[in-house]
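Take a walk through this model, one contact at a time. Keep the structure in view as you read.

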Amino acid sequence: MQANAAIRLDFRSDTVTRPTLGMRAAMAAAEVGDDVLGDDPTVKALEARLAALFGKEAGLFVPTGTMSNLAAIMSHCQRGEEFLCASGAHTYLWEAGGAAVLGSVQPQPLPVRADGTIPIEELHAAVKDDDPHFAITRLVSIENTFAGRVLPRDHLAEVVEFARERKLATHLDGARLFNAAAALGVDVGYLAEGFDSVSLCLSKGLGAPIGSVLVGDAPLIARARRWRKMLGGGMRQAGIIAAAGLYALDHHVDRLIEDHATAAPNSPCTVIAR
């Protein structure tokens with residue numbers, strides 16, 4: 001192989017990452033227990049670590065980001081209520097309509113600007129009057145990153161201020177929030193300030209084979225834990241996979257900037273798939 005030969009990488013998605021040898025070793029050595037019974041120390045350590053990182057009271061380890069978002073929406077909203085989101089948001093477009101089908105919660109998709117932000121005037125206009133003809137607007141859900149775009153912090157603060165003014169809850173789909181923080185060179189918790197709940201994915205750029213964590217206040221997470229069980233997400237000796245998340249937080253977060261450089265248009269790497 002020539003010294004200057006291009007590295008061939010699969011750019012279809014950051015979900016095709018694979019656990020490193022160090023991560024596999026951490027998984028094999030993980031201390032485990034029955035997580036449904038609250039007995040898995042590794043799961044509890046992961047939940048506590050991410051909750052503390054975001055200044056929240058509690059966390060909940062779930063198999064997927066789809067379940068994390070769905071449990072959050074169903075914990076914030078009741079049947080016949082709605083959440084506001086971007087028209088291309090995962091919670092609306094890419095998660096099989098779960099909020100509507102399983103939660104009886106109506107999504108209200110809104111147009112976005114080229115940079116992925118929702119105009120605040122559109123959010124205000126979408127809040128429904130107190131009228132029995134309408135679903136009750138209860139939640140605004142923001143996704144960061146959105147379609148590969150990092151949302152500016154001032155926009156996130158503007159959304160939080162809007163929600164407080166209109167007495168709405170806030171959820172941040174932060175599946176790639178660590179990427180956003182790496183791109184901006186800021187602390188990841190800074191990008192989630194003011195949001196009532198945050199969903200964080202471990203199985204994308206961070207390289208874990210499975211898992212997301214939802215963080216929020218204790219009553220919200222208690223409701224989400226019940227929904228997790230009902231949705232089939234209660235796991236037993238889940239510390240084996242939670243250990244991969246802990247390893248990723250220790251070893252892979254700082255390397256996200258390398259991924260960004262590799263994926264840049266001027267990178268010497270060869271794209272093998274999109």
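**Helix against helix**

H8 and helix H11 (residues 256–263) pack at an angle of about 80°, and their axes are 9 Å apart. That makes H8 roughly perpendicular to H11. Angles of 65 to 115 degrees count as roughly perpendicular, those under 35 as roughly parallel, those over 145 as roughly antiparallel, and the rest as oblique. From H8, the contact takes in Phe-178, Asn-179, Ala-182 and Ala-183; from H11, Leu-256, Ile-257 and His-260. Contact here means heavy atoms within 4.5 Å. By class, five of these residues are nonpolar, two are polar and none is charged. Ala, Val, Leu, Ile, Met, Phe, Trp, Tyr, Cys and Pro count as nonpolar; Asp, Glu, Lys and Arg count as charged; the others, Gly among them, count as polar.

A word on the ground rules. This is a predicted model, in which local features need pLDDT of at least 70, side-chain atom pairs count only at pLDDT 80 or more, and totals for chains, interfaces and linings use all residues. Residues are numbered from 1 along each chain as its sequence is written, and side-chain values use heavy atoms, with hydrogens and water left out. Helices (H or I, at least four residues) and strands (E, at least two) are DSSP runs, numbered from the N terminus. Axes are lines fitted to C-alpha atoms, for helices over the stretch in contact, and angles run from 0 to 180 degrees between N-to-C directions.

The structure holds one aromatic pair. Phe-54 and Phe-178 form it, edge-to-face, with 6.5 Å from centre to centre and 85° between the planes. Rings of Phe, Tyr and Trp (its six-membered ring) pair if their centres lie within 6.5 Å; planes under 30 degrees apart count as stacked, over 60 as edge-to-face and the rest as tilted. The pair links distant parts of the chain, 124 residues apart. Phe-54 sits in the loop between helix H2 (41–53) and strand E2 (58–62), and Phe-178 in helix H8 (residues 177–184).

Next, go to helix H1 (residues 21–28). H1 packs against helix H10 (residues 239–251) at an angle of about 135°, with axes 8 Å apart. That makes H1 oblique to H10. Gly-22, Met-23, Ala-26 and Met-27 of H1 meet Ile-240, Ile-241, Ala-243, Ala-244, Tyr-247 and Ala-248 of H10. Nine of the contact residues are nonpolar, one is polar and none is charged.

Helix H3 (residues 65–76) and helix H9 (residues 218–230) also pack, at an angle of about 120° and with axes 9 Å apart. H3 and H9 are therefore oblique to each other. H3 brings Met-67, Ala-71, Met-74, Ser-75 and His-76; H9 brings Leu-220, Arg-223, Ala-224, Trp-227 and Arg-228. This contact of H3 with H9 has six nonpolar, two polar and two charged residues.

Two loops deserve a stop. The peptide bond from Asn-144 to Thr-145 is cis, with omega near 10°. Thr-145 lies in the loop between strand E5 (136–143) and helix H7 (153–165). Ser-104 has phi near 55°, a positive value in a residue other than glycine. Ser-104 lies in the loop between helix H5 (98–103) and strand E4 (106–110).
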